[in-house]
Amino acid sequence: MQTKRITRIALFTAVALLLHLVESMLPPLMPFAPGAKLGLSNLATLTALVLLGPIDAFAVLLLRCLLGAVFGGNPAALLYSVPAGVLSLAAQILLYTFALRFVSLTGISLLGAAVHNVTQVVVASLTVHTNLAAMLPLMLAASLAAGLFVGLTAWLTVKYLPKRVYAT
């Protein structure tokens with residue numbers, strides 16, 4: 001792996017981790033949706049997808065999940081963050097690769113947020129052996145706000161980030 005590529009992955013991972021740790025100190029996005037957050041770290045992952053490509057975006061995602069669990073003091077969070085993040089990013093990659101002409105970066109972010117929340121509800125249901133599907137409408141409402149914010153912010157970041165930060 002080239003030094004520049006490793007450095008770019010490290011830079012995006014550091015930003016994602018910083019956003020993750022800052023967000024962990026904030027109150028929930030919506031009081032009626034337990035655990036709902038904006039998903040600020042997804043901003044770095046989505047931006048990495050656009051600027052660095054899918055493989056590097058997966059690296060940023062997995063490193064952020066691992067380091068976020070370690071620095072956040074909650075290794076059990078990996079049970080939720082890794083499957084949700086991987087499926088969310090996979091859905092975003094598919095949409096970005098095959099439908100970018102028809103869908104904006106904000107739309108891609110909205111899909112990712114929805115997939116992320118659905119996956120987390122499924123994992124939580126399997127973990128506690130209880131059907132938590134009743135939480136889905138609340139979580140999807142939260143994902144609408146989060147996906148919109150992250151998508152618009154990612155679009156602005158991609159548009160205005162100096163090319164020297166990510167170009168080879």
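Reply: Glu 23 lies in helix α1; a helix here is a DSSP run of H or I with at least four residues, numbered from the N terminus. This is a predicted model, in which local features need pLDDT of at least 70, side-chain atom pairs count only at pLDDT 80 or more, and totals for chains, interfaces and linings use all residues. Residues are numbered from 1 along each chain as its sequence is written, and side-chain values use heavy atoms, with hydrogens and water left out.

Me: Is Glu 23 buried or exposed, and how do you know?

Reply: The relative accessible area of Glu 23 is 7%. Buried means under 20%, exposed over 50%, and partly exposed in between, with a 1.4 Å probe and protein chains only. Glu 23 is therefore buried.

Me: Which residues is Glu 23 in contact with, leaving aside its neighbours within four places in sequence?

Reply: They are Lys 37, Leu 38, Gly 39, Leu 40 and Ser 41. Contact means heavy atoms within 4.5 Å.

Me: What class does Asp 56 fall into, by relative accessibility, and what does Asp 56 touch?

Reply: Asp 56, found in helix α3, has a relative accessibility of 8% and so counts as buried. Beyond residues up to four places away in sequence, Asp 56 touches Arg 5 and Ile 9.

Me: What angle do the axes of α2 and α3 make where they cross?

Reply: The axes of α2 (residues 41-52) and α3 (residues 54-71) cross at roughly 160 degrees and come within 7 Å. Axes are lines fitted to C-alpha atoms, for helices over the stretch in contact, and angles run from 0 to 180 degrees between N-to-C directions. Angles under 35 degrees count as roughly parallel, over 145 as roughly antiparallel, 65 to 115 as roughly perpendicular and the rest as oblique. The two helices α2 and α3 are therefore roughly antiparallel.

Me: Which residues make that contact of α2 and α3, and how are they classed?

Reply: From α2 come Ser 41, Asn 42, Thr 45, Ala 48, Leu 49 and Leu 52, and from α3 come Pro 54, Asp 56, Ala 57, Val 60, Leu 61 and Arg 64. By class, the contact has 7 nonpolar, 3 polar and 2 charged residues. Ala, Val, Leu, Ile, Met, Phe, Trp, Tyr, Cys and Pro count as nonpolar, Asp, Glu, Lys and Arg as charged, and the others, Gly among them, as polar.

Me: What is the handedness of the crossing of α2 and α4?

Reply: The crossing of α2 and α4 is right-handed. A crossing is right-handed if the near helix is turned clockwise from the far one by less than a right angle, and left-handed if anticlockwise. These helices, α2 and α4, pack at an angle of about 35 degrees, with their axes 11 Å apart. The contact is made by Thr 45, Leu 46, Leu 49 and Val 50 of α2 and Leu 89, Gln 92, Ile 93 and Tyr 96 of α4. By class, 6 of these residues are nonpolar, 2 are polar and none is charged.

Me: How many residues has the largest nonpolar core, and what makes such a core?

Reply: A nonpolar core is a set of buried Ala, Val, Leu, Ile, Met, Phe, Trp, Tyr and Cys residues joined through side-chain atoms within 4.5 Å. The largest has 22 residues, and those with the most contacts inside it are Phe 12, Leu 46, Ala 48, Leu 49, Val 60 and Leu 89. The largest share, 7 residues, comes from α2. Phe 12 touches Ala 44, Thr 47, Ala 48, Leu 51, Leu 52 and Val 60, with residues up to four places away in sequence not counted.

Me: Why is Ala 114 not placed with the buried residues?

Reply: Ala 114, in helix α5, has a relative accessible area of 22% and is therefore partly exposed. By contrast, Val 150 of helix α6 counts as buried, at 5% relative accessibility.
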